[in-house]
Amino acid sequence: MGDGTRFGEVADFYDDARPGYDPGLSDAIAAYHGPPPRDVLEIGAGTGKGTAVLARLGGALTCVEPDPRMAALLRGAFPAATIVVAPFEASGTGPADVVGCAMAWHWLDPARRNRLAFDALRPGGTLALFGHRYGYADPVHERAIDAAFASVDPAPSVLRPIEWAYDDVRGAGLWADVTVRYSSRTVSMDTSRFLRLVRTFNPFRRRSPADRERTLAALASTLDGLGGATVVDLQGHLVLARRAEVAARTDN
C-alpha cells in the first residue's frame, strides 16, 4: 500500500487538523447501495476521518490501516470496529457489502487496486471512494500560499485531476453503474491549524527536516500577513460503483 505509513509520524496532527467529511456522504452511499449493508470494509482508514462516514451506514465495520500509530487513534475513536493493521493488499479482508476508501486509493497498487476491491465485495456490493483536494476560497490567498511553498522548493506540485478516481474505476472494466458526484465546501483555518494541516501533506513530509522548518516559517509569515487565517476550499468527490450480481446460468 505505497508508503502511506509516513503519516504515522504525525498521527496526532492528522487527527486534529484534517477536516472531516460532509455527513451527507453517508446518505448518498446508502441511497446508491439500497438495503442496509451487513458489513462495511474500509481501506486505509487512517485515524477515522472517513470511518465516520462509513460507520453511519450501519453493519459490522472492519477498518484496514497499515500504520500502527494511526490505527491506535482509530481504535480509540471507533472501539466497536474491527481494526486490521496491515496493507490492504495483504489484509485478507472481505467479503463485504460495501468497500469504502477515503483519500487512500492512490496509495494502492494501480495495477491491482480495482481487482482487489472488486474481490473484497459480495456480488451486488458497492465501492465508495471519496475525498477532497485542498484549494483556497480567495485567489489572493492561493497565490500567496503557493508562493510561500515555492520560496523553499520551486518545483511545482503536481495535482491529480479531480476526476482521476472516477476515470480509474471506470477504466478498470470491472464495475457496473459507475457514478461520480463533485462538491465544494469551505473551512476557515487560523495560522496554527493551517500549519498543523500542512504537516500532514505528503509533499511536505517528503521534504528534508530543514526545508520543512523553512516552509512552515514562510507559511506562518504569509498567513499572518493575510490576517492570521485563510479559508480552505475542499473540492470533494464521491465515486460509486457496483459489483454486478452474478448472471444466472442458462443451459441450452
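Helices (H or I, at least four residues) and strands (E, at least two) are DSSP runs, numbered from the N terminus. The model described here is predicted: local features need pLDDT of at least 70 and side-chain atom pairs count only at pLDDT 80 or more, while totals for chains, interfaces and linings use all residues. Residues are numbered from 1 along each chain as its sequence is written, and side-chain values use heavy atoms, with hydrogens and water left out.

**Sheet**

- Seven strands make up an open sheet with mixed pairing, in the order β3-β2-β1-β4-β5-β7-β6; two strands pair if DSSP finds at least two bridges between them.
- At the edges are β3 (82–84) and β6 (176–190), each of which pairs on one side only.
- From one strand to the next, the twist averages 20°.
- The pairing of β6 with β7 is antiparallel and covers 13 bridges; T186 stands opposite D233 in β7.
- Helix α7 (residues 164–171) lies across β5 (121–136), β6 and β7, and runs at about 160° to β6. Axes are lines fitted to C-alpha atoms, for helices over the stretch in contact (heavy atoms within 4.5 Å), and angles run from 0 to 180 degrees between N-to-C directions.

**Strand β1**

- β1 (residues 39–43) is mostly covered, with five of its five residues buried. Buried means under 20% relative accessible area, exposed over 50%, and partly exposed in between (1.4 Å probe, protein chains only).
- In a regular strand the side chains alternate between the two faces of the sheet. D39, L41 and I43 point one way from β1, V40 and E42 point the other way, and all are buried.
- Five bridges pair β1 with β2 (residues 60–64) in the parallel sense, and V40 has L61 of β2 as its bridge partner.
- β4 (residues 96–102) runs parallel to β1 and is joined to it by four bridges; the bridge partner of L41 in β4 is V99.

**Cavity**

- A cavity is a set of points, on a 1 Å grid over the protein atoms alone, where a 1.4 Å probe fits but cannot get out; lining residues have an atom within 4 Å of a point.
- One cavity of 30 Å³ or more is present. Grid points are joined across faces, edges and corners, and a volume is the space filled by probe spheres set on the points.
- The largest cavity holds about 110 Å³ of space.
- Its lining consists of Y21, D22, L25, G131, H132, R181, S183, S184, R185, L234, G236 and H237.
- β5, β6 and β7 are the elements that give two or more residues to this lining, and the largest share, four residues, comes from β6.

**Helix α10**

- The 17 residues of α10 (residues 209–225) should span 24 Å at 1.5 Å a residue, and the end C-alpha atoms are 25 Å apart, which agrees. The expected span is 1.5 Å times one less than the number of residues.
- Buried residues in α10 are R212, T215, L216, A218, L219, A220, T222 and L223.
- These buried residues pack against α6 (139–152), α8 (191–198), α9 (202–205) and β7 (229–242).
- After α10 comes G227, with a positive phi near 105°.

**Residue D138**

- D138 is located in the loop between β5 and α6.
- With a relative accessible area of 34%, D138 is partly exposed.
- From C-alpha to C-alpha, D138 and A111 are 38 Å apart in space, and they are 27 residues apart in sequence.

Key: On a 1 Å grid over the protein atoms alone, a cavity is a set of points where a 1.4 Å probe fits but cannot get out, and a pocket is an open set with protein on both sides within 12 Å along at least five of seven lines; lining residues have an atom within 4 Å of a point.
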